[in-house]
Amino acid sequence: MPGRERLLASLVDLSGRSSSRTRAGVLDSALSLALLLTEAEGAVLVLGGARAFERSVLRRGQKEPDRVGEAYRPAPFERSILRADEPRAFADLGAAGVSPAAACPGVSPGPALYVPLRLQDGQAGYLAVHRSEGSPRFTGRDARPLALLAAWAAVSIDNLKMSENLERLAVTDDLTQVFNYRYLKSALRREVKRATRFKQPLSVLMVDVDNLKHYNDRNGHLRGSHLLREIAQLFAQQVRSWDLVAKYGGDEFTVILPQTERAGAATVGERLRAAVEEHAFPLAGRGSITVSIGIANYPEDSDSVTGLIEAADRALYLAKRNGRNRVEGIDRLAA
């Protein structure tokens, strides 16, 4: 197959692979296609910014690349490559004193070709191909398709990041930067199904900021919005990585606690309450901003999404009625 047709077929293959819908998939595809297009013995892709770089190496015959993620420190020779704006070809890296580790591990330093790779977020890197010592050097006919492949990889990664950002925006509350009500409903449905299937406990907290209206009246709604955002970030810091904090209403939050029984939920609720009470908010004395929290548990209080939300809301009403700045469970409603 002629070079141009081979390149086009390879790029179509790159765009069509399901694995290329992830960042790792794009990098892996770029490396394998670089070997194919240039008949190289090894391919290297370095990408990062500031002090954080990742490096992937694929040698002919390997099924998967060797990867060093965000802990890689480019050698001085590589840093000179990272500063380049044009492809750079070397007839013999070994004669230039470049070690295999800084070139392509597993391939004795010989001819090499480097092309720059730039992302829209400022990350920089390169895609390189290597042949062993004594092999034919790379030419301009190799540089053109490799540069096009690097550009294709950069666009693919940028598009993936854009898609991820759009997905994040679709499920994130603009004000507080935690999950929004739409995502809350889908996440709670998922967790109820999981709890049912594996017979695990599940708890939901409904949280309301006490007397937010008074704070807004004194300081303005913009300050109130900043306060809600600060509270949301406090909550995110106090829960586990697999718990979920979401905005429920104007000044209400919901926290989903998978694999958490009533006692554990009460402990988390008290931790959230204390974190807010002890926090120094702008234009507010310590302890003047508080939250009330209601707890609902699966399956004791309800085994449905709607039922859990309603149960947590009733428990929240009880916390409000009993003086605010407290944590209550629905089991006290009968008292």
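## Aromatic pairs

In this predicted model, the rule that pairs rings with centres within 6.5 Å gives 7 aromatic pairs. F90 and Y114 make one of them: their ring centres lie 5.9 Å apart and their planes meet at 85°, so the pair is edge-to-face, planes over 60 degrees apart being the criterion. The two residues are 24 residues apart in the chain, with F90 in strand β4 (residues 88-90) and Y114 in strand β5 (residues 112-118). F90 has 16% relative accessibility and counts as buried, because the cut-off is under 20%. Y114 is buried as well, at 1%. Both residues belong to one aromatic cluster, which is formed by F77, F90, Y114 and Y126.

Y181 and Y248 also form an edge-to-face pair, with 5.4 Å from centre to centre and 80° between the planes. Y181 is in helix α5 (residues 181-198), whereas Y248 is in the loop between β8 (244-247) and β9 (252-258), so this pair ties together parts that are 67 residues apart in sequence. Y181 is partly exposed, with a relative accessible area of 38%. Y248 is likewise partly exposed, at 25%.

## A charge over a ring

The ring of F138 has the charged end of R131 sitting over it, 3.9 Å from the ring centre.

## Nonpolar cores

The largest nonpolar core contains 28 residues. Within this core, the residues with the most contacts are A34, L45, L117, L127, V129, L146 and L149. At least two core residues come from each of α2 (23-38), β1 (42-49), β5, β6 (124-130) and α4 (140-171). Which residues does L146 touch, leaving aside those up to four places away in sequence? They are A34, T38, L113, V115, L127 and V129.

Another core, of 27 residues, lies apart from the largest one. Its members include V245, V276, F281 and I293.

## Packing of α5 and α9

Helix α5, which holds Y181 of the second aromatic pair, packs against helix α9 (residues 305-321), and the axes of α5 and α9 come within 9 Å. The crossing angle is roughly 110°. Angles of 65 to 115 degrees count as roughly perpendicular, and α5 and α9 are therefore roughly perpendicular to each other.

Which residues make the contact between α5 and α9? On the α5 side they are L188, R189 and V192. On the α9 side they are V305, L308 and I309.

Methods: Residues numbered from 1 in each chain as written. Predicted model: local features only at pLDDT ≥ 70, side-chain atom pairs only at ≥ 80, totals over all residues. Heavy atoms only, no water. Phe/Tyr/Trp six-rings, centres within 6.5 Å; stacked < 30°, edge-to-face > 60°. Helix = DSSP H or I, 4+ residues; strand = E, 2+ residues; numbered from the N terminus. Buried < 20%, exposed > 50% of the residue type's maximum accessible area, 1.4 Å probe, protein only. Lys NZ or Arg CZ within 6 Å of the ring centre and 35° of its normal. Core = buried A, V, L, I, M, F, W, Y, C linked by side-chain atoms within 4.5 Å. Contact = heavy atoms within 4.5 Å. Axes fitted to C-alpha atoms, helices over the stretch in contact; angles between N-to-C directions. Parallel < 35°, antiparallel > 145°, perpendicular 65-115°, else oblique.
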